[in-house]
Amino acid sequence: MKNSDFIKMTSVSIYSMAFPTDKLVETLENAIFDTVNNQKFELIHNPITGEKVHKLGENGLFFSIRAEYKPITAIMLSSKYYAMMQDNPEGRAEEEIIQLAHTELMQTLPTVSEIYNFFYNTETELLMMNSRSQRAKLALTQLIHLFGLAGMKSIIVSDEKLGLNQKLEDYLNNGTPLFKGVEFDFETTLVRENADEKAYLTCKHVDQPSGKEKALQALKGGYEVQSLKMNCLDDVKFKLDRQLEIRSMRWTGMAKTTNKLDQQGTGCTGIFYGFIQNQFEVLNRIEKHTLLAFTQDTKLETFA
């Protein structure tokens, strides 16, 4: 575990979650999570600040959950099973050999860990997490159980509301900005799909005549927006996909900040707080001008 693990964010998943308590910070600090399928989860002290929950401005919280597990893959299990089947003088059943193989791997493999970072906006009641993995979603369910929630809502916007194709066409034809508050970096990936295949087309420099023409012809030919290359305040570049999910994030100053945090030099706490405060503010700006701008009063469309 490195200090820089607590600022990493290359993608973000966003959920609507209203925590039913006035003692949110206290509840998080005293959280005890279940072990799920031999995977342990813990809301941990930040090694830089010594705190579990960090307050960001008037309406922000930041905390991290660590998952500890044995990295057993299907290939590992299959190889161990095959080896044990070759040496099976007692004629054990297949199911028993599989269980024995799994048990041996659990005993011999070293434990590994992952850190999942969470931002929570107490005003908008949006929870942002820096991972989309299945194990990260298990960590999220621990929060749901902790607060006795029935579930959370994924923010999923219907294609009819999105209108990304029309927005791109309006930009290409009339120069109409795609969004307020975040900038289009003049590159889009388009997709055309049918029952048999998907075809992708990347259109760069669509602020130039040749790029505009290429993109317009593709849209007329049945292509649709797969993702848009964006930036926000020059703090982060990212891709916004057709479901308004944020991917491929590249934060300005990430490499320099990572080095400073891992070296644990003077002022490390201040460097950390400054970076995550900026991350929180930028994420809120991106949400406001993309996701929430599209969904408006019907932002919660499906339960997860």
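What share of the contacts in the chain with a separation of 6 or more comes from residues 24 or more positions apart? I looked this up and found 68%. I note that the model is predicted.

**Entry: the chain overall.** I counted ten helices and 13 strands in the chain. Of its 304 residues, 42% count as buried. I recorded an accessible surface of about 16,300 Å² for the chain, with 47% of this area belonging to carbon and sulfur atoms.

**Entry: nonpolar cores.** I turned to the largest nonpolar core, which holds 52 residues. The members touching the most others are Phe 119, Phe 179, Phe 238, Met 249 and Trp 251. Helix α9, residues 268–289, gives the most to this core, contributing eight residues. Apart from this core I found another, of 26 residues, which includes Ala 31, Ile 65, Met 129 and Ile 144.

**Entry: Phe 179.** I listed the contacts of Phe 179, leaving out residues up to four places away in sequence. Phe 179 touches Leu 164, Leu 228, Met 230, Leu 240, His 289, Thr 290 and Phe 294.

**Entry: the five-stranded sheet.** I traced an open sheet in the order β9-β8-β10-β11-β12, and its pairing is antiparallel. Strands β9 (198–203) and β12 (246–251) each have a single partner strand, so one side of each is left without a neighbour in the sheet. Direction ignored, neighbouring strands of this sheet are turned by 15 degrees against each other on average.

**Entry: β8 and β10.** Within the antiparallel pair formed by β8 (residues 183–193) and β10 (residues 224–232), I found six bridges. I also noted that Thr 189 stands opposite Ser 227 in β10.

Conventions
Residues numbered from 1 in each chain as written. Predicted model: local features only at pLDDT ≥ 70, side-chain atom pairs only at ≥ 80, totals over all residues. Heavy atoms only, no water. Core = buried A, V, L, I, M, F, W, Y, C linked by side-chain atoms within 4.5 Å. Buried < 20%, exposed > 50% of the residue type's maximum accessible area, 1.4 Å probe, protein only. Helix = DSSP H or I, 4+ residues; strand = E, 2+ residues; numbered from the N terminus. Contact = heavy atoms within 4.5 Å. Pairing = 2+ DSSP bridges. Axes fitted to C-alpha atoms, helices over the stretch in contact; angles between N-to-C directions. Areas by Shrake-Rupley, 256 points an atom, 1.4 Å probe, with all protein chains shown as cover.
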